[in-house]
Amino acid sequence: MAESGEGLGTVPEHERILQEIQSTDTACVGPTLRSVYDDQPNAHKKFMEKLDACIRNHDKEIEKMCNFHHQGFVDAITELLKVRTDAEKLKVQVTDTNRRFQDAGKEVIVQTEDIIRCRIQQRNITTVVEKLQLCLPVLEMYSKLKEQMSAKRYYSALKTMEQLENVYFPRVSQYRFCQLMIENLPKLREDIKEISMSDLKDFLESIRKHSDKIGETAMKQAQQQKLFSVILQKQNNVKFGKTMYINDRIPEERNEIVLKPVFEEEDENEEEVLTVQDLVDFSPVYRCLHIYSVLGDEETFENYYRKQRKKQARLVLQPQSNMHETVDGYRRYFTQIVGFFVVEDHILHVTQGLVTRAYTDELWNMALSKIIAVLRAHSSYCTDPDLVLELKNLIVIFADTLQGYGFPVNRLFDLLFEIRDQYNETLLKKWAGVFRDIFEEDNYSPIPIVNEEEYKTVISKFPFQDPDLEKSFPKKLPMSQSVPHIYIQVKEFIYASLKFSESLHRSSTEIDDMLRKSTNLLLTRTLSSCLLNLIKKPHIGLTELVQIIINTTHLEQACKYLEDFITNITNISQETVHTTRLYGLSTFKDARHAAEGEIYTKLNQKIDEFVQLADYDWTMSEPDGRASGYLMDLINFLRSIFQVFTHLPGKVAQTACMSACQHLSTSLMQMLLDSELKQISMGAVQQFNLDVIQCELFANSEPVPGFQGDTLQLAFIDLRQLLDLFMVWDWSTYLADYGQPASKYLRVNPNTALTLLEKMKDTSKKNNIFAQFRKNDRDKQKLIETVVKQLRSLVNGMSQHT
């Protein structure tokens, strides 16, 4: 029952679904069919049965409708078959009638067409005449445009284009040829822009190639203008009684040598004064600027021009790798830069807005930083002072040239001060070689003077005055040949340093200060170093060292003349000078001290050489009765050396003599106490005493004057007291008075005495040196042993106390 109830409920639902399917669009069938599957489980089967029943009903209705209309269709076909025969007859009749009409109207049609054709031609001719009269001016203007393009009259062509667009083209804009012309005008404008831009590129390439010629011409003109100013200033100075160099003719002669080729070059170029307009055709720039201005694209042209010029500036500022080797490399570098900025300055003043002052200032600041970096790097490789000086002159001309065009150049003059320090360094290196050559060629002997003429020749080179030497000839000056040569070379150095200081826009006081500082460097560093190296050379003997000390004394005295010389050439009054003084006093004093120290060292070395020749027989029983030969040779050598020392200051000679005596005394003492010497006889001690006596006699003979009392003899006091102790054999007094200020043997060290006594003790045992006193032999041996024991206890007591 329940199932039959459910079946009854679903039948109306299925009918509704079938109605929706038949009445709605196929796109909406999906949701309808889905509702069939959403119902009860058997709803699908029942729906399909209902659908099959509906289909059968529709098939029956279709069959009934076809059966109903079939007879009418058959009748209609039969009617059509009957009419077909009549229709064919009618067609034949119509065709025949049409043919007859066509044949009859052929002549009329031909005549009518001819009339129509003539009237059309007449109308067309009238229209063409009217239109041609309207188009001819346009064509004439366009032809004129073509001619202007061919003749490269681009600015006129642009004006013609404006007339065509504004006046002529609007009249014939409906024609195709006008549209073609209109479409062609932008291309022509682009062609003009490209052609003018090509001309500009050729111009830029041309000025890039000729920038060095432009810069060379500008720098020559600036140099000539500067020379004219110098000449005028010189004439004014002469007029008012002023001279740049006082009491010295060498700088004037040198200036004439330097300026002579410049004036010769000026005479050659005096015929024609070229300007930048004479060297460069700027018309492409003006034309291109005008064209771009007419085209309304002036900003594009300005940007392109500035961009290309900046690229060219970077190329110009890039130096060659070997630029520092020759002055031509620097000159080419400067002329290219000057040529570049001369062109920019001209463009700035003859065009409006193409380049601005701000643009040129920015470009110059960029270039100036690069130039300074390049010069600072490349100038550091220059080791030739002449090349550095030529570089300085080029920088000055370069700066003066660009300053004349309104570019700030203060940083270049600041750079010159850096290069000046480098120039001084190269000068110092060059003069170091000059000084070394002078010292190598010197004979380190007083200068011989045969007659008054030779004397005047020497004093003209070196400020030496001695009234005693002016009375008689021949004579000898105390200094050697190197002194006037050194003095002359110091003046040459000052001249060379002055060359760099000129044209730096500095006051005379500043130049004076710079010269003094550079001269101080020459004296305190270069000359001092050369002197010290000379003094340390092994081939320089005592005589040469003595002469070096004399030379430095005279060079020191000449320093005041060098100060006067600097004051004169800088035209600075002595009363207003408040600058650095020359350090000649300290320089030559240090050299003298070094020479003195070397004298002491070499003298001691010579003494050591003589002492090494000593050949004592330390076991001899009796002395020879005379001093050793090596010692007499040494004393004779010292006498001759100290005779040479008479030219030295007294203190130096005295110090050398005292040092030699002390060193000789020490060497003799070390010989006695040598650890390799195992035994000493009394005869050897007596022979050694004879040698010491000769040393004392030498000291007492006052080989160098100036010693007070027996000061020099005190150098041998230690040896004398030690030998007296052994010669007298006064051990009881020595032991009793030891440590007392008034002791007779105060200078005898117990350790020294013990060492020598033990060597004599060993000799006693082996050789029996007291054989001639056989009665007292045993007592002597006991006495030696007793003294040795007492000395040992004394030495041990001293060590424990210490």
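This is a short tour of a predicted model, stop by stop.

Residues are numbered from 1 along each chain as its sequence is written. Because the model is predicted, local features need pLDDT of at least 70 and side-chain atom pairs count only at pLDDT 80 or more, while totals for chains, interfaces and linings use all residues, and side-chain values use heavy atoms, without hydrogens or water.

**Confidence**

Colour the chain by pLDDT, the predictor's confidence in each residue, from 0 to 100. The chain has a mean of 81, and 86% of its residues reach 70 or more. Select helix α23 (residues 682-700), where confidence is highest at a mean of 92, then helix α7 (residues 250-268), where it is lowest at 37. Helices here are DSSP runs (H or I, at least four residues), numbered from the N terminus.

Next, select residues 1-8: pLDDT stays under 50, and the model has 1 contact beyond four places in sequence for them. Contact means heavy atoms within 4.5 Å. Residues 769-773 also stay under 50, with 8 such contacts. Where pLDDT is low, the predicted coordinates should not be read in detail.

**A surface patch**

Select F73, V74, I77, L80 and L81, which make a nonpolar surface patch of about 490 Å². Accessible areas come from the Shrake-Rupley method with a 1.4 Å probe. I77, in helix α3 (residues 43-104), is partly exposed at 39%. Buried means under 20%, exposed over 50%, and partly exposed in between.

**An arginine in α20**

Go to R592 in helix α20 (residues 584-612). R592 is buried, with a relative accessible area of 12%. Beyond its neighbours within four places in sequence, R592 is in contact with I549, T552, T553 and E556.

**Cysteines**

How many disulfides does a search of the whole structure find? The search finds 0, a disulfide being a pair of cysteine sulfur atoms within 2.5 Å. For C178, the nearest cysteine sulfur is that of C135, 8.0 Å away. C178 is buried at 0% relative accessibility, and C382 is buried at 4%.

**Two positive phi values**

Most residues other than glycine have a negative phi. Select E702, in the loop between α23 and α24 (717-728): its phi is positive, about 55 degrees, and E702 is partly exposed at 42%. End at W729, in the loop between α24 and α25 (731-737). Its phi is near 65 degrees, and W729 is buried at 15%.

How values were computed:
Patches are made of residues with over 30% relative accessible area and no salt bridge: like charges are joined within 9 Å, nonpolar side chains (Val, Leu, Ile, Met, Phe, Trp, Tyr) within 5 Å. A salt bridge is a side-chain nitrogen of Lys or Arg within 4 Å of a carboxyl oxygen of Asp or Glu. Buried means under 20% relative accessible area, exposed over 50%, partly exposed in between (1.4 Å probe, protein chains only).
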